[in-house]
Amino acid sequence: MKAHRIELVRARHQAGVGMIDVMLAVLVLAFGVLAVARLQAVALREGGGATARGLAVQLAQEKLDDLRHFTQLASATGGVYGYDEIGTNAGGREDASDALLLPSGNVTLGNTTYNRTWAAAGYYYCNTGAAPTATNCSKTRPDYYGVTVTIQWSDPDGSSRSVALSDSIVAHDPLSEASGLLSGSGTEGPIVTYNPGEAPDVIAIDVGGGTSKETTNPTPELIKHGQDVINTIARYETIRYDPDEATIEREEFLTLNCTCEQTSSGAAYDLNGNQVNKRRGVPADRFQSPICTICCRDHHDDSSCNPSTSSGKKGCYDPYRPSSDYSSNDHNHYNSAGQLANNSGDEYAEACRLKRVDGLLRVVQDWRLINLSVLPEDFFASGGTVNTTNVANYGDFVKDYVEATIRGTTVPSPIWPTSASMLEGSTKQFSARAIYLDYLDSSETSALASRLAGSDSTVFQDIPFYEVNLTKLAAWNVTDASLLAVTDQQIQTEVAGQDLYSRGLVTALDSGTANVVATAKTSNTGVFDADPIDPNDVGSLQSSIAITVTNTPPPSTLSIAGVVSPAVAETISFSATNGGVCAYTTATGSYSCDVPSGWSGRVTPSHVGYTFTPQYRDYANVTVTQTAQDFAAAAAAGTYTIQGTISGVVGASVTLSASNQPSGACSYNSAASTYSCSVPSGFTGQVSASASGYTFSPPAIQFTNVTGNFTDQNFVGSSGGTTTYTVSGSISLGAGVTGSTIGVPTITGGGSCSVDNAVTPVTYTCTVATGWSGTITPTSSAAVTFSPASKSYSNVSSNRTGENYNATIVNYTISGTISISSNSIKNKTYVMGTSSGQCTVTGSNSLTRTYSCTVSSGSSPTLTPSETTGSAQFAPASRSYSNVTANSANQNFSACPTGDACSAP
């Protein structure tokens, strides 16, 4: 009994100990939970602090970039930012009223307010090899400014935070240096080389001035949450470079889709990178790309967008959206179901095009697809060998298409085969090439159309067009899946050079004909085959190519044949590149070119006085005979005929020539003693006849602005006399030169000259005897220089055409100083006005300013100095000149405070 009791007591004792253990465990767990919660709070706070610090660094870098982008050295007004304006809490790009676009003060981003200030100190290089000093050594301006931008803010717990970025800003002249290539802290920019891409992936396009432009192969990137794709990002660059492969212009683009949530209005950025107050959004979840923060925030229109006018659309992110799809100065937003989502808290679909500007990504106007083309990849390159002819011709096609779009003319037809053949079981890669053109308002369109019509050789450098390889980003399908299969695999994340998924690879399954089709939406979502973001984002372009599948290998030699309609009863020259041989039958108007199997090249018809549609036909990897490859022939639009008789010539060979025209433009029928010349509409020049041992009356017949046919333009030949020839050409008039001032050229060594100065360009003709040697020198009654000054000839035995000159006005310089008498007006802005010509004033913060005025010869300008605030007066008040024929230096002025006595220097 006792033992039993002892056992019971032991049991109770053990139970008590267990309860204490549990209580201790719970207590330890509670402390652990509290520690984890505290750790989580610290982590969240530190994470928020990191985000705030990142934004602060971005704000500081933004201001440093802003301070670097002055457009001249001297300070200025009217929205022009000069280097001399850099100062503590001053300097930077300005609006038209000279207010800073990025001023010092508070900037609110999200729930945090940042205070931005900066300090600038000038430094001078005064002695060779010595360190820079803050003391000026009689220099006009500091050699560089040391600038520190400071951003201050407070954390949610009230702790004060700050970051500071420092850099040097050098006094380089943007007007004479390629400022876009300059480092922020060096006087000479690095030459950035670029290794051009190769066809078929990348196509270089000649944009004039010895430069080429190309867009790198897009590299897609997928942002996933689990197995779900949250964002698709396409990145690529457009580069313009010179023959030495030095980069002239580089544009980096990034296009992505996001899911956003509408939030309250607040600080965001507009299309020009200015901070404005407008409606904005935030990413709908935290799993998306950080770039969605920029996309959701900024892809909202503000008051600068007016979708009802051409110029107003320049301020809209989607200028092609109908004006009815806007609310409160912003385009409407929609959720994935296509429902309106404009209220705060609404979730909506978005797609943005971003461009890197000054190192930062900025949302820019949406892409606009104007052309999509499907063509065989081997049109550009086959077996590792680039077809340079086809690449160049495709580049011309792109430019022709862009030009036709801007000018509103007929777009060009494809220059590649619109059909292809494949053997059963074979595969062939096809390419989808896209042309994008940024929105142009009516004034921009008109200006570019005028330059295009005038054959401006560098206009394509200024047209915002982009040729992009969409092969792996467009959607692919076929019209008959029993005959063809085409890859359209899911987009995967790739970097340059990878090939992780396939699109556009066609497999021939069975005999027959079907089409392979590529499709891309015309806006941002078309760049990476994403779902539409609004009801208007369904417009798309399609392109296809017909493929005939056979089970018979092609013959070793094939033909390309067709007819010319209407038939031309004269021999048309047909040429085929890369070894093709062509023949033309005048009776039927038919032609045929024999080419080897697999041939790639171009077939071109030509005949003086005719145009052909199409102008030529291009082929790639021809494996079947091509029939019905027809051309339409027509007398050249605006081409006219000049014809007449030639009498008095017996048994001699007569040569007819039309100035500035091809050698085959004129023909002579000796049996009928008649001639005929074909000249274009607007032809200004002369037709002349020549034959050994004969002179002709008249020596030449002059024509001006031909707009119709001419008959009875007759020549009479005389034998036994001295044979004469003509030397002729044009005189192009530079700015300010008028035709009425151009006189008759002088000639040495015998002969006579005439000039037609009623036309532009001015034309001249000199008649000389056979064997003539001498010099022809153009003349003018005004102060004009000619390039070349003259032309010399020796033993002339034929007509000489195209002997042209350029005439330009002679300019002179009037220069001097403005001596400032008082420190009270030393820091003012001085300008020099002129009644004709152009003046510049240099220098700041000194008692002496220099000026220089460029005026034309013979002009009579008046120079008048002024100070922009009216604090200064000048002696003399102005200087006048009459019939300037030489440079004038030391034309000095004195500047004194208004009301003080002021003496001329």
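This is a predicted model: local features need pLDDT of at least 70, side-chain atom pairs count only at pLDDT 80 or more; totals for chains, interfaces and linings use all residues.

Q: What pLDDT does the chain average?
A: The chain averages a pLDDT of 84, and 90% of the residues score at least 70. Over residues 1-16, however, the pLDDT is below 50, and that stretch has zero contacts in the model beyond near neighbours in sequence. Residues 175-191 also have a pLDDT below 50, though this stretch has 27 contacts beyond near neighbours in sequence.

Q: Switching topic, how many salt bridges does a search of the whole structure find?
A: The search finds 32 salt bridges. One of them joins the side chains of Asp84 and Arg141, at 2.8 Å from N to O. Asp84 lies in the loop between helix H1 and strand E1 and Arg141 in the loop between strands E2 and E3, so the pair ties together parts that are 57 residues apart in sequence.

Q: And is Asp84 buried or exposed?
A: Asp84 counts as buried because its relative accessibility is 14%, under the 20% cut-off, and Arg141 is buried too, at 15%.

Q: Which residue does Lys314 meet in a salt bridge?
A: Lys314 meets Glu444, at 3.0 Å from N to O, and this pair links distant parts of the chain, 130 residues apart, with Glu444 in helix H4.

Q: Then which residues of H4 are buried?
A: The buried residues of H4 are Leu448, Ala449 and Leu452. They cover an arc of only 105° around the axis, which puts them on the same side of H4. What covers them includes helix H3.

How values were computed: Residues are numbered from 1 along each chain as its sequence is written. Side-chain values use heavy atoms; hydrogens and water are left out. Buried means under 20% relative accessible area, exposed over 50%, partly exposed in between (1.4 Å probe, protein chains only). Helices (H or I, at least four residues) and strands (E, at least two) are DSSP runs, numbered from the N terminus. The arc is that of the directions from the helix axis to the C-beta atoms. Contact means heavy atoms within 4.5 Å. pLDDT is the predictor's confidence in each residue, from 0 to 100. A salt bridge is a side-chain nitrogen of Lys or Arg within 4 Å of a carboxyl oxygen of Asp or Glu.
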